Amino acid sequence: MGAAQGLGAAQAAAQRPAGGRGGAARLLAGAGAAAARRGAGITLRRLRAAASRRAAQMLAATHRRMHQLISRPESGYADGGSAILLHTPEEVDSLLDVQTGSG
(Lines give C-alpha, C1' and ligand atoms only; values in the text may rest on other atoms or scores of the structure.)
Protein backbone atom coordinates (compact mmCIF):
# COMPACT_ATOMS: atom_id res chain seq x y z
CA MET A 1 0.00 0.00 0.00
CA GLY A 2 1.45 3.38 -1.00
CA ALA A 3 1.78 6.35 1.34
CA ALA A 4 -1.06 8.19 -0.40
CA GLN A 5 -3.35 5.17 -0.08
CA GLY A 6 -2.44 4.72 3.57
CA LEU A 7 -3.07 8.40 4.25
CA GLY A 8 -6.45 8.20 2.49
CA ALA A 9 -7.41 5.12 4.49
CA ALA A 10 -6.43 6.83 7.76
CA GLN A 11 -8.48 9.90 6.88
CA ALA A 12 -11.48 7.76 5.90
CA ALA A 13 -11.20 5.79 9.15
CA ALA A 14 -11.05 9.03 11.13
CA GLN A 15 -14.32 10.20 9.59
CA ARG A 16 -16.23 6.96 10.33
CA PRO A 17 -17.89 6.51 13.68
CA ALA A 18 -15.87 3.90 15.58
CA GLY A 19 -17.94 2.94 18.59
CA GLY A 20 -16.46 4.52 21.72
CA ARG A 21 -13.11 5.24 20.07
CA GLY A 22 -14.23 7.74 17.41
CA GLY A 23 -12.57 10.80 18.94
CA ALA A 24 -9.23 9.11 19.63
CA ALA A 25 -9.13 7.55 16.16
CA ARG A 26 -9.81 10.92 14.57
CA LEU A 27 -7.15 12.59 16.71
CA LEU A 28 -4.50 10.00 15.84
CA ALA A 29 -5.39 10.00 12.15
CA GLY A 30 -5.30 13.80 12.10
CA ALA A 31 -1.84 13.82 13.70
CA GLY A 32 -0.63 11.23 11.18
CA ALA A 33 -2.00 13.25 8.29
CA ALA A 34 -0.28 16.40 9.54
CA ALA A 35 3.02 14.54 9.91
CA ALA A 36 2.65 13.11 6.41
CA ARG A 37 2.05 16.59 4.99
CA ARG A 38 5.16 17.93 6.76
CA GLY A 39 7.19 15.00 5.43
CA ALA A 40 5.92 15.62 1.91
CA GLY A 41 6.93 19.27 2.21
CA ILE A 42 10.46 18.33 3.23
CA THR A 43 10.71 15.86 0.35
CA LEU A 44 9.42 18.43 -2.15
CA ARG A 45 11.91 21.04 -0.94
CA ARG A 46 14.76 18.57 -1.30
CA LEU A 47 13.62 17.51 -4.76
CA ARG A 48 13.21 21.13 -5.85
CA ALA A 49 16.68 22.02 -4.54
CA ALA A 50 18.23 18.99 -6.24
CA ALA A 51 16.51 19.81 -9.53
CA SER A 52 17.64 23.45 -9.37
CA ARG A 53 21.20 22.41 -8.56
CA ARG A 54 21.28 19.90 -11.42
CA ALA A 55 19.80 22.38 -13.91
CA ALA A 56 22.45 24.96 -12.96
CA GLN A 57 25.21 22.35 -13.36
CA MET A 58 23.92 21.34 -16.79
CA LEU A 59 23.62 24.96 -17.91
CA ALA A 60 27.16 25.75 -16.77
CA ALA A 61 28.56 22.60 -18.44
CA THR A 62 26.75 23.43 -21.70
CA HIS A 63 28.06 27.00 -21.61
CA ARG A 64 31.58 25.70 -21.00
CA ARG A 65 31.35 23.36 -24.01
CA MET A 66 29.91 26.06 -26.28
CA HIS A 67 32.65 28.46 -25.14
CA GLN A 68 35.30 25.87 -26.02
CA LEU A 69 33.84 25.26 -29.47
CA ILE A 70 33.27 28.91 -30.37
CA SER A 71 36.64 30.15 -29.14
CA ARG A 72 38.61 27.67 -31.31
CA PRO A 73 40.34 29.41 -34.25
CA GLU A 74 38.88 26.92 -36.72
CA SER A 75 35.33 27.81 -35.65
CA GLY A 76 35.46 30.81 -37.99
CA TYR A 77 34.15 33.39 -35.54
CA ALA A 78 35.80 36.81 -35.75
CA ASP A 79 37.94 37.74 -32.75
CA GLY A 80 37.57 34.24 -31.32
CA GLY A 81 33.85 34.77 -30.76
CA SER A 82 34.37 37.56 -28.23
CA ALA A 83 31.27 39.37 -29.50
CA ILE A 84 29.03 36.49 -28.41
CA LEU A 85 31.09 35.04 -25.55
CA LEU A 86 30.22 37.61 -22.93
CA HIS A 87 31.21 35.50 -19.90
CA THR A 88 33.97 33.01 -19.28
CA PRO A 89 33.04 29.53 -18.06
CA GLU A 90 34.47 30.43 -14.66
CA GLU A 91 32.22 33.50 -14.43
CA VAL A 92 29.16 31.40 -15.31
CA ASP A 93 30.16 28.81 -12.69
CA SER A 94 30.39 31.59 -10.13
CA LEU A 95 27.12 33.23 -11.18
CA LEU A 96 25.28 29.91 -10.94
CA ASP A 97 27.20 28.86 -7.81
CA VAL A 98 28.31 25.54 -9.29
CA GLN A 99 31.57 23.71 -9.78
CA THR A 100 31.69 22.05 -13.20
CA GLY A 101 35.46 21.91 -13.37
CA SER A 102 37.61 22.84 -16.30
CA GLY A 103 36.91 20.96 -19.48
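Of the 103 residues in the protein, buried residues make up 15%. The model is predicted. The accessible surface of the protein comes to about 7,600 Å². Carbon and sulfur atoms account for 60% of that surface.

The protein contains 3 helices and 0 strands. Along the sequence, the pattern reads α-α-α. Helix α2 covers residues 22–71, and helix α3 covers residues 89–96. A loop lies between α2 and α3. Contacts were also examined by separation in sequence. Among those between residues at least 6 apart, 53% join residues at least 24 apart.

Helix α3 holds D93. The relative accessibility of D93 is 8%. This value is under 20%, so D93 counts as buried. The side chain of D93 also has a polar partner. It makes a polar contact with the side chain of R64, at 2.6 Å.

The loop between α2 and α3 includes D79 and L86. D79 has a relative accessible area of 69%. That is over 50%, so D79 is exposed. L86 has a relative accessibility of 65%. L86 therefore counts as exposed, the cut-off being over 50%. L86 and H67 are 19 residues apart along the chain. Their C-alpha atoms are separated by 9.7 Å.

D79 is not a glycine, yet its phi is positive, at about 55°. D97 is not a glycine either, and its phi is positive, at about 55°. Most residues other than glycine have a negative phi. D79 is placed in the loop between α2 and α3, whereas D97 is found in the segment after α3. The relative accessible area of D97 is 69%. D97 is exposed because this value is over 50%.

D79, in the loop between α2 and α3, is exposed. D97, in the segment after α3, is exposed.

Conventions: Residues are numbered from 1 along each chain as its sequence is written. This is a predicted model: local features need pLDDT of at least 70, side-chain atom pairs count only at pLDDT 80 or more; totals for chains, interfaces and linings use all residues. Side-chain values use heavy atoms; hydrogens and water are left out. Helices (H or I, at least four residues) and strands (E, at least two) are DSSP runs, numbered from the N terminus. Buried means under 20% relative accessible area, exposed over 50%, partly exposed in between (1.4 Å probe, protein chains only). Contact means heavy atoms within 4.5 Å. Accessible areas come from the Shrake-Rupley method with a 1.4 Å probe; for residues, only the protein chains shown count as cover. A polar contact is a pair of N or O atoms within 3.5 Å; within protein, one must be able to donate a hydrogen and the other to accept it, and residues adjacent in sequence count only if both atoms are side-chain atoms.
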